[in-house]
Amino acid sequence: WLLRYHEYLTGKAALLIIEAFRQNIYSSRVYERTAYSSARHSSNIMEQLVKCIRGIKTPHSAQESSQVLANAGTFMSVLEIALINDQNVDAGLALNLLPDLVRCILLLLSAYDLKQCRGELKLSIRCLTYCFQSSKAVESLLALPNGISTAVSLIESSGDEEIAANCLKIVRTCLASDRHYSKVVQKVPSLFAMLVKMVATGQE
């Protein structure tokens, strides 16, 4: 409902709805969260979300810039909640959601200063991380020319613990399989030097 009528809601109203749902689903009530994550349904929410995310384009004016950030924040907030559900993860990957997420992340990084888009970037990275509940996400990311390298670069450059931690989760998942190990090393030759440097300087 929120996604369908987002154009008619203020940002504050949308955030209140999202936060109310998030508080319920992330509460201590394990049964509700498990039931939601494993629920089978006939909703077309992922088709709607992918369509909306594909509509996020590089802004060419100050007005467009504000609207792009607002849309990215709303869409990624809804997507984060949707991806808690396993069926939605599979549906999203089948609709090529992952390349669209990487494109949006790169768009935010190129069109905005990190301080301007930190919230939207965090949401986008969270959504990308959720996709890795499925093993299919690894192959999808590694098939992109700048997929894994974007995650690796954000570990060092974001200056944000949450973003860095989620990007490390993505890299760790990609390295977990011997079949993908060589692809990761080939695409990011500097990865292990960076990790050694982080360990040496006491970074987690």
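Before the details, a word on the ground rules: because the model is predicted, local features need pLDDT of at least 70 and side-chain atom pairs count only at pLDDT 80 or more, whereas totals for chains, interfaces and linings use all residues. Residues are numbered from 1 along each chain as its sequence is written, and side-chain values use heavy atoms, with hydrogens and water left out.

Let me start with the aromatic rings. Searching the whole structure gives 1 aromatic pair, where rings of Phe, Tyr and Trp (its six-membered ring) pair if their centres lie within 6.5 Å, and planes under 30 degrees apart count as stacked, over 60 as edge-to-face and the rest as tilted. In this pair the ring centres of Tyr181 and Phe192 are 5.9 Å apart and the planes stand at 35 degrees, so the pair is tilted. Tyr181 belongs to helix α11 (residues 178-187) and Phe192 to helix α12 (residues 191-200), so the pair ties together parts that are 11 residues apart in sequence; helices here are DSSP runs of H or I, at least four residues, and are numbered from the N terminus. Tyr181 is partly exposed, at a relative accessible area of 40%, and Phe192 is partly exposed as well, at 31%, with buried meaning under 20%, exposed over 50% and partly exposed in between, using a 1.4 Å probe and protein chains only.

Next, how do helix α4 and helix α7 pack? Helix α4 (residues 62-82) packs with helix α7 (residues 114-130) at an angle of about 30 degrees, their axes being 9 Å apart; axes are lines fitted to C-alpha atoms, for helices over the stretch in contact, and angles run from 0 to 180 degrees between N-to-C directions. The two are therefore roughly parallel, a label for angles under 35 degrees, with over 145 counting as roughly antiparallel, 65 to 115 as roughly perpendicular and the rest as oblique.

Finally, the two loop residues. Ser134, in the loop between α7 and α8 (136-142), counts as buried at 9% relative accessibility. Not counting residues up to four places away in sequence, Ser134 touches Val89, Asp90 and Leu93, contact meaning heavy atoms within 4.5 Å. Leu144, in the loop between α8 and α9 (147-157), also counts as buried, at 16%, and, leaving aside neighbours within four places in sequence, Leu144 contacts Leu98, Pro99, Val102 and Lys187.
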